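Please read the following with the sequence and the 3D view open side by side. The text goes from a metal site to the core, and then to some details of the backbone.

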Amino acid sequence: MSAILKKQVSRLGNQAINFLLPPLCPATGEPVDSLGMIDSSYWQNLNFIHAPYCNRCGTPYPFATDDLQCGACIDHPPIFDKARAALIYDDGCRNLILRFKHGDQTHAVKSFVPWLRLSGAEMLESTDIILPVPLHPLRLIKRRFNQAELIARELSRYYPDADYYPDGLKRIKATSSQGHKNAKERNKNVSKAFAANPHYIYERKKVLLIDDVFTTGATLNECAKTLYSAGASEVNCLTVAKAIKN
Ligand SMILES: [Zn+2]
């Protein structure tokens, strides 16, 4: 079958699938034109992060300033080099993220990736390795998929010059949920929780860590510490959303 004919058959197949099973918005469940598209009524809920923001952790500043780093990064410098996120993690996007993570709305990844490509453009251009924050195998069995891995895999397709290591980091300690813990407890909970996969070489490599939400940065910091110990020269973080302290 010629390539053109294959394309036409594939397009007709997609049209038939869309007719029988119309794509639904991953946030509202309303019908949309294509898979991964966000319902227009939901857009107003999304608060995208834009400049000015802290050059280190990516927290948006409430006003224009020449400060390169926020007070939190000056007081407690993160272990990772830089972090960027597409959205502020608030009531507006919570439903979208939770339905992606726990409600099998995995096609939301199609929406996330273009946002991540914009928010992380600078770090994506120069990264050598893309990898997801791992789940512990027991948590993986319960949840059936690692949400960070879905995002990282889809994103990596656009950066063929970077290596994608889905198992680049292993979670070697079954940590309890970070949910109701304060910053100190979160750090302790994830301490020594990760190991770099010895099958890969991290020496002098720029690594980009992918996760769905940046909460306090404890998990990302611990992953970064592990990767620096394995020889990485730079570890950056890119997440769909970031929690912002008031
Ligand atoms: Zn900061």
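What spacing do the donors of the zinc ion follow along the chain? The pattern is C-x2-C-x12-C-x2-C. Keep in mind that this is a predicted model. The protein donors are the SG atoms of Cys54, Cys57, Cys70 and Cys73, and they lie 2.3 Å from the zinc ion. Seen from the zinc ion, the 4 donor atoms subtend angles of 103 to 114°. Four donors count as tetrahedral if all angles lie between 85 and 135 degrees, so the arrangement here is tetrahedral.

Cysteine 57 and cysteine 70 are 13 residues apart and link distant parts of the chain. Both are placed in the loop between helix H1 (3-20) and helix H2 (71-75). Are cysteine 57 and cysteine 70 buried or exposed? Both of them are buried.

The loop between H1 and H2 also holds proline 52. A cis peptide bond, with omega of about 5°, joins alanine 51 to proline 52. For background, most peptide bonds are trans.

Tryptophan 43 is another residue in the loop between H1 and H2. Its relative accessibility is 37%, so tryptophan 43 counts as partly exposed. Leaving aside neighbours within four places in sequence, tryptophan 43 is in contact with Ile38, Phe48 and Trp115. Alanine 85 is 42 residues from tryptophan 43 along the chain, and the C-alpha atoms of the two are separated by 17 Å.

The largest nonpolar core has 35 residues, and Leu96 and Phe112 touch the most other members. Several elements give two or more residues to this core, among them strand S1 (82-88), helix H3 (91-102), helix H4 (109-119), helix H7 (147-156) and strand S6 (206-214). Which element gives the largest share of this core? That element is H4, with 5 residues. A second, separate core has 22 residues, including Leu169, Ala218, Leu227 and Ala232.

Not counting residues up to four places away in sequence, leucine 96 touches Pro26, Ala27, Ile38, Tyr42, Leu46, Ala108, Phe112 and Trp115.

Most residues other than glycine have a negative phi. Arginine 144 is not a glycine, yet has a positive phi of about 80°. Arginine 144 is placed in the loop between helix H6 (137-143) and H7. With a relative accessibility of 60%, arginine 144 counts as exposed. Arginine 204 is not a glycine either, and has a positive phi of about 60°. Arginine 204 is found in the loop between strand S5 (194-196) and S6. Is arginine 204 buried or exposed? The relative accessible area of arginine 204 is 67%, so arginine 204 is exposed.

Note on methods
Residues are numbered from 1 along each chain as its sequence is written. This is a predicted model: local features need pLDDT of at least 70, side-chain atom pairs count only at pLDDT 80 or more; totals for chains, interfaces and linings use all residues. Side-chain values use heavy atoms; hydrogens and water are left out. Donors are N, O and S atoms within 2.8 Å of the metal (3.2 Å for Na, K and Ca); water is not among the atoms, so sites may look incomplete. Four donors count as tetrahedral if all angles lie between 85 and 135 degrees; four count as square planar and six as octahedral if opposite donors are over 155 degrees apart and all others between 65 and 115; anything else is irregular. Helices (H or I, at least four residues) and strands (E, at least two) are DSSP runs, numbered from the N terminus. Buried means under 20% relative accessible area, exposed over 50%, partly exposed in between (1.4 Å probe, protein chains only). A nonpolar core is a set of buried Ala, Val, Leu, Ile, Met, Phe, Trp, Tyr and Cys residues joined through side-chain atoms within 4.5 Å. Contact means heavy atoms within 4.5 Å.
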